[in-house]
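Please read them with the structure open beside you.

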There are 2 protein chains.
Amino acid sequence: MPIKALTFDVFGTVVDWRSSIAREARAILGPKGHALDWPAFADRWRGLYQPAMEKVRSGERPFAILDDLHRENLLVLLNEHRIEALSTEEVDELNRAWRRLDPWPDVLDGLTRLKQRFILATLSNANIALLVNMAKRAGLPWDVILGAEVARAYKPAPEAYDRTAAALQCQPGECLMVAAHPADLRAAAGRGFRTAYVHRPAEFGPAHADRPWPADAFDFAVASFTELADRLDA
Amino acid sequence: MPIKALTFDVFGTVVDWRSSIAREARAILGPKGHALDWPAFADRWRGLYQPAMEKVRSGERPFAILDDLHRENLLVLLNEHRIEALSTEEVDELNRAWRRLDPWPDVLDGLTRLKQRFILATLSNANIALLVNMAKRAGLPWDVILGAEVARAYKPAPEAYDRTAAALQCQPGECLMVAAHPADLRAAAGRGFRTAYVHRPAEFGPAHADRPWPADAFDFAVASFTELADRLDA
């Protein structure tokens, strides 16, 4: 069964959230006199992400888009740091930092090649507006923006994968899930997707740069999107 | 309030469905010995489109994607022409003719220019897979595929416009609806969208080529996407 569509995790796989969020937070909060450990600020914000989605996945709260979860988590974070003088507009602007994440160096070349042969779809937990604005700024050439907001389900819930394949009118085995996170790939494989692991050793910062490659037998395991393009003859 | 997103009707506005469907039907049915009036075949297929969607809009049936409505209508059409020897695969292949529609000559130049300044979104009654595959074949540079399948509502239902603006996180007045059909534009304006009428005199064939421009006071009224790009300084 040939691969028709590549479905991409975005945060960490396509874009470097940690250094970009650190940069954006510093740019907005630094001039206001705050001197924080900016990478740690990014890590903490990201750390609140899974627990917030888990409340949706477990049914504890109805579906809410990631922008809203990010904003709730940002208020927690600002409170932890006793940062109280921000206006609503300033909080919104900081929350939109997630739209200003830079792609890893190999991404634009790799996607441009892969786009010639395959449908390129996001399969991200981010919402549509976040992903569209990120793509416009960074030049990411998606064919279609799919994921949690369209599926009304957060990965790794099965519905996130099932409904994305259905929207593309692809069999799960015609979809290749591309992600830097083994848990995402295992969940996709459980729904019949093929899997491509991309090693992103810098995702969690220098202290984690030597973390090992996973032992899973994914269909592909590559160090970059250009290597994936090589492997897929794109 | 500046325009941020252009939302496009697709059938008739972006692509020439009539001559493309006529060509595709002839290519598939002609070799099987059928000699029909192919443009009339296209007109009849298209003519069954609004009544099928009306059953969804009225609540007579639950939401179904346009591919499914098109296929049901195709079976009606084949029955009318007493074409009975097609396999399921051949019917599916003919139904996918809607993915092989050619854009009007000004479209690629116009969209390429407009994409530099604005988010380009579909706001079509077509489903996601149809629009993605059409875009891949024709080179349509959409930033995001929105419309009936994401909104779970067919134009001109208000929800189709409201939910598209919401997905983009745009105010309705930040969205410019681009369409060749006054009824679509009037419905969009009713939800607060700005409006751009594009005159497509060839949409319904030579017999209708001299139909007049509408008298409505739309925000823009242009003869091509390149003229729209001129008007929007794109």
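1. Start with a loop in chain A. Gln169(A) sits in the loop between α9 and β6 (175-179) of chain A. Its phi is positive, at about 55°, although Gln169(A) is not a glycine. As background, most residues other than glycine have a negative phi. Keep in mind throughout that this is a predicted model.

2. Another backbone feature concerns a proline. The peptide bond from Lys155(A) to Pro156(A) is cis, with omega near 5°. Pro156(A) belongs to the loop between α8 (148-151) and α9 (158-167) of chain A. In chain B, Lys155(B) and Pro156(B) are likewise joined by a cis peptide bond, with omega about 5°. The loop that holds Pro156(B) runs between α8 and α9 (158-167) of chain B. For context, most peptide bonds are trans.

3. Next, the sheet of chain A. Six strands make an open sheet in the order β5-β4-β1-β6-β7-β8, and the pairing is parallel. Which strands of chain A stand at the edges? They are β5 (144-147) and β8 (220-222) of chain A; each has a single partner strand, so one side of each is left without a neighbour in the sheet. From one strand to the next, the twist averages 25°.

4. Strand β1 (residues 5-8) of chain A pairs in the parallel sense with strand β4 (residues 119-124) of chain A, over four bridges. Within this part of the model, Phe8(A) stands opposite Thr122(A) in β4(A).

5. Strand β1 (residues 5-8) of chain B runs parallel to strand β4 (residues 119-124) of chain B, and four bridges join them. Here Ala5(B) has Ile119(B) in β4(B) as its bridge partner.

6. Now the helices of chain A. Two packed helices are described by the angle between their axes and the distance between the axes. For helix α1 (residues 17-29) of chain A and helix α2 (residues 38-47) of chain A, the angle is about 115° and the axes are 8 Å apart. That angle makes α1(A) roughly perpendicular to α2(A). Their crossing is right-handed. On the α1(A) side the contact includes Trp17(A), Ile21(A) and Ala25(A), and on the α2(A) side it includes Trp38(A), Phe41(A) and Trp45(A). By class, the contact of α1(A) with α2(A) has nine nonpolar, no polar and four charged residues.

7. A further helix pair in chain A is α4 (residues 66-80) with α5 (residues 88-95); they pack at an angle of about 120°, with their axes 10 Å apart. This makes α4(A) oblique to α5(A). The crossing of α4(A) and α5(A) is right-handed. From α4(A), the contact draws on Asp67(A), His70(A), Arg71(A) and Leu74(A), and from α5(A) on Val91(A), Leu94(A) and Asn95(A). These residues divide into three nonpolar, two polar and two charged.

8. How are the two chains related? Chain B can be laid on chain A by a turn of 180° and a shift of 0.0 Å along the axis, with an RMSD of 0.0 Å. The two copies are thus related as by a two-fold rotation axis. Val144(B) comes closest to the rotation axis of the residues of chain B, at 2.9 Å (C-alpha).

9. Last, the interface. In it, 14 residues of chain B are in contact with 14 residues of chain A. On the chain B side, α7 (128-138), β5 (144-147) and α8 (148-151) each supply at least two residues. The largest share, five residues, comes from α7(B). By class, this side of chain B divides into 10 nonpolar, one polar and three charged residues. Of the interface residues of chain B, 100% are also interface residues in chain A, so the copies meet through the same surface.

Terms used
Residues numbered from 1 in each chain as written. Chains lettered and ligands numbered in written order. Predicted model: local features only at pLDDT ≥ 70, side-chain atom pairs only at ≥ 80, totals over all residues. Axes fitted to C-alpha atoms, helices over the stretch in contact; angles between N-to-C directions. Parallel < 35°, antiparallel > 145°, perpendicular 65-115°, else oblique. Left-handed = near helix turned anticlockwise from the far one by under 90°. Contact = placed C-beta atoms within 7 Å. Nonpolar A, V, L, I, M, F, W, Y, C, P; charged D, E, K, R; others polar. Pairing = 2+ DSSP bridges. Least-squares fit on C-alpha atoms with pLDDT ≥ 70 in both.
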